[in-house]
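Here is a short report on one protein. Look at the sequence and the 3D view before reading on.

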Amino acid sequence: MKMRVYRTWTNRILLLLTICILVTGFGITYPGIVEPFTLGVLGKSLSFRLHTVLWGPFAVAVLVHLYLTSGPKTGAGTKPEGPGK
């Protein structure tokens, strides 16, 4: 049960970081589109700073995600081995 909770939270955090990386990347290359979309909060310089800072947590989240998904699968999809098999 705990492993499933860890996987779920890791997936959610990785999704959030991926969206942030994408938005800040587009904010660097297309500031004319992203700045009005974010109501002027995310300019080119702030996008660049956030994009640079987010790579560390993103890399850690990817490694944790890969570690958790490469392990043995647990949950409802697995059948217990019976004595007759």
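**Ground rules.** This is a predicted model: local features need pLDDT of at least 70, side-chain atom pairs count only at pLDDT 80 or more, and totals for chains, interfaces and linings use all residues. Residues are numbered from 1 along each chain as its sequence is written, and side-chain values use heavy atoms, with hydrogens and water left out.

**Layout.** The protein has three helices and zero strands. Its elements run α-α-α from the N terminus on. Helices (H or I, at least four residues) and strands (E, at least two) are DSSP runs, numbered from the N terminus. Of the 85 residues, 20% count as buried. Buried means under 20% relative accessible area, exposed means over 50%, and partly exposed lies in between (1.4 Å probe, protein chains only). Contact means heavy atoms within 4.5 Å. Among contacts between residues at least 6 apart in sequence, 64% join residues at least 24 apart.

An α-helix has 3.6 residues a turn, so residues three or four places apart point the same way.

**The core.** A nonpolar core is a set of buried Ala, Val, Leu, Ile, Met, Phe, Trp, Tyr and Cys residues joined through side-chain atoms within 4.5 Å. Which residues form the largest nonpolar core? The six are Leu14, Leu17, Ile21, Leu54, Phe58 and Ala61. The elements that give two or more residues to this core are α1 and α3 (44-70). Ala61 touches Thr10, Leu14 and Leu17, not counting residues up to four places away in sequence.

**The surface.** The protein exposes about 6,700 Å², and carbon and sulfur atoms supply 73% of it. Accessible areas come from the Shrake-Rupley method with a 1.4 Å probe; for residues, only the protein chains shown count as cover. Leu15 lies in helix α1 (residues 2-29).

| Residue | Relative accessible area | Class |
|---|---|---|
| Leu15 | 53% | exposed |
| Leu16 | 54% | exposed |
| Val5 | 37% | partly exposed |
| Leu39 | 78% | exposed |

Leu15 and Ala61 are 46 residues apart in sequence, but 9.5 Å apart in space, C-alpha to C-alpha. Leu16 and Phe58 are 42 residues apart in sequence and 9.5 Å apart in space, also C-alpha to C-alpha.

Leu39 has a positive phi of about 60 degrees, although it is not a glycine. Most residues other than glycine have a negative phi.
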